[in-house]
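Below is a short report on a predicted model. It covers a sheet first, then an interface.

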Amino acid sequence: MTRRVELLIAFVLLLALLGSLGIHTMTARQALQLQLELHNRDAASALALSLSQQRGDPVSLRTVAAAQFDLGHYRSLRLLGDDGRAMLELRQQPPAGRAPAWFVRSLPLSTHPGSALVSDGWRSIGRLEIESHTAWAHDVLWDACVRTALLLTALVLAAGGLAAWLLRLWRRPLLATVAQAQALEQGRFVEAELPRLPELRQLTQSMNTTVRRLREVFGAQAEQVTLLQRQAQVDPVTGLSSRRHFVGQLQQRLGDAAAPGVALILLRVAQLEALNARLGHEATDRVLGAVADVLQTYVERVPDTLAGRLNGSDFGLCLPVSGLAAETAASIHATLAAAPALRVAGAEVLVGATDSLSGVAAGAALAEADAALARAEAGEGLAVDGRAGLAADPAGARVWRAQIAEALAARRTRLGEFPVLAPDGGLIHLECPLRVQLEAGGEFQPAARWLALARRSRLMPEVDLAALDLALQAIAADGRPRAVHVSLASATLPGFAAEVARCLQAAPDATRLLSLEWADAARPADLRALAEAAALWHRHGARVGAEHAGAAAQQLPRLQDAGVDYVKVDARHVRDVASDEAVHAYARSLVALIHGLGLVALAEGVEDAGDLAALWALGFDGATGPAVRLPD
Amino acid sequence: MQVTAQRLGPAAVAAVPPLQALLASARAAEDGERLQRINRFFNERIVFRSDLGVWGEEDRWASPLEALARGEGDCEDYAIAKYASLLAAGVPRRRLRLVYVRAMLPETGIPQPHMVLAYHAEVGADPLILDNLRPEVLPASQRPDLTPVFSFNDEGLWQGTGDAPAGDPLVRLSRWREVWRRTQEEGWR
């Protein structure tokens, strides 16, 4: 736009320059022509008067005429007799003037000779014609033209400079506003500096107000989502996790083989109903609150600790380490026994614990802890059930590491395939977790069996690259889009992103159908590394996604900053979406938020056809899980 | 001519019919007869008076109709009126000259600048002089009281200016050009 305005200004200025110069030159030329003409006439009259006093003597006539001619600025002088013959003729080549020949040629000064009658007394002698030469007039005209041209050029340059300066003054805030609008389109909220120009100032102010309002709307939406999340996940009386949330989290911890096993402690307020009947609702709530407070101190002190209220009288505490169950259970039991609220109410809390849980279902773990609780109920109010975990054995770990490394080196790997489908049944991509054949000729084992060990043994880059390699080969073979997991440990490792990029570069066609995804649990410090990796992979044509997302709605926008294209919402946020209103509301907010950020929303682990229908109704762009099957 | 006369006043309007009759009759006559009639017409109708008295300004040249309207005029007013009339009557331009002369006034014997109209029947011949000091047309040789100084006519006057448009600044630059322009506008062509 500004380029066109600049051209227009330059054109107008040039036109003004040429126009003024032309008009000035023409006017000057006309004035000079008039002066020359007058000079011709006056000279003719004056000389004719002189000649008329010479009594017709040819010598005198010639002398006077020559004197006037030689002293004046004349081109020609002629005295014509009454019969039309020239009696006297003087001519002179005009001196070379300063004006160039082309200038003289293109702007001729056309004058006519001045004429007057010459007589001797009553007798007519003839007619005198005199013509001045025009060289000096051309010089004057040329000088005036040059001077005017220089002056006008200086003026035009000054005007052009002023215009350019003003344009730049306009251009900067305009570009800033455009950048602001583009940022808005990409979902970023940027406020621009207010320019000094009043018109643009208003525009920028309006834009800033719009941006602020949008940001507020988004903030409010995120807060709303967080609130819904809390309602869905938090027990209203104690502020601890609800049963579903606790069990879901526990399941995840148990499935995450990376963790060195967990300890699970169950607590039960004995005879809660009797207590309630005896003391009333409020006192009972105080007892429950006291128990929750004790558990909350563990949540606050030890990262990744879970605390939840499982039902009316039961609480659960999940520690992220093995080996501390007995100690912790004893400590909690003693603390609660001494707690004033319980002593006043005469309430007793039973504690059952189980240690070193790993690779088992949540239900089994809870059952185990429940058994311990039952023993506690039957005994002294405290019981611990010990159990040796896989990871707790250092010798075993070394063996496993060797096995994994050997399997990777021998390419005893293959990919699982789980379809992610769009509502219309179209394939978005195949989720491809890596399977490793740990023992030659044996079974291909899922990640749950070896991933934790691979991570602790720093084998993750090898594992991820093996999966990537297999996925690229598979895409090249059947042309179906695939997604592979990239662990955070690898993605944040220096050089890993470039190593992946090299693989992508080697297979550009397959890369276009490839998605790389990582778990949405990244620390802010990792985000920059992830964003850089995502940008690099984007350049090669791959897509990038976040999986297991949705835990912290307020932090969803940072996924966009990290450069992801799609978000896979974790199974626990969509399970029972068809039947549970709180889950439904939260899922709806998540979809709105993800779409608001301009990203694609996919659902994970959908087990139920009813849930799937509800997710489609909510506007999810795709889903995966046992309920999602490719049509045959 | 009539239109201009109306603008100039009743005296001019009254003068136009006899003037036109004069020009019509002169057109049919020989040059000598033309000179006589026209010389007489203006000498009778215009009373000599110095410009200072007539126009209130020094040496104002009047066009023929202006002079007739006033009924009085200076020597050049006679000469211009006769020049214009003779041209209109068909006398070739090259035969006519307006001549500045040094005149001895008969009453006082004091020399004075004066203007007369000279008619040259042919090149080199003794011209006939039309003057207001002596009402008859006389050859120059019989006018020892006049010493010619400089002569001119309107030949070549419009050279380079076409038909002398009224807006041309060149036309207004001298007395002669100015009065001749006004004369042309009065319809003497």
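In which sense do S3(A) and strand S4 of chain A pair, and over how many bridges? They pair in the antiparallel sense, over seven bridges, with S4(A) spanning residues 123–132.

S3(A) and S4(A) belong to an open sheet of four strands. The order is S2-S1-S4-S3, and the pairing is antiparallel. Strand S2 (86–91) and strand S3 (114–120) of chain A are the edges, each pairing on one side only. From one strand to the next, the twist averages 15°. Helix H2 (residues 58–71) of chain A packs on this sheet. H2(A) touches strand S1 (74–81) and S2 of chain A, and its direction makes about 25° with that of S2(A).

**The interface of chain A and chain B**

| Item | Value |
|---|---|
| Residues of chain A in contact with chain B | 20 residues |
| Residues of chain B in contact with chain A | 28 residues |
| Salt bridges found by the rule | zero salt bridges |

The two chains bury about 1900 Å² between them. Carbon and sulfur atoms give 62% of that area. In chain A, the most area is lost by Arg41(A), Leu117(A) and Trp122(A), together 43% of what that side buries.

Which elements supply the chain A side? Helix H1 (2–52), S3 and S4 of chain A each supply at least two residues. H1(A) gives the most, with eight residues. By class, this side of chain A has seven nonpolar, eight polar and five charged residues.

Terms used
Residues numbered from 1 in each chain as written. Chains lettered and ligands numbered in written order. Predicted model: local features only at pLDDT ≥ 70, side-chain atom pairs only at ≥ 80, totals over all residues. Heavy atoms only, no water. Pairing = 2+ DSSP bridges. Axes fitted to C-alpha atoms, helices over the stretch in contact; angles between N-to-C directions. Contact = heavy atoms within 4.5 Å. Buried area = accessible area lost by both parts, 1.4 Å probe. Salt bridge = Lys/Arg side-chain N within 4 Å of Asp/Glu carboxyl O. Nonpolar A, V, L, I, M, F, W, Y, C, P; charged D, E, K, R; others polar.
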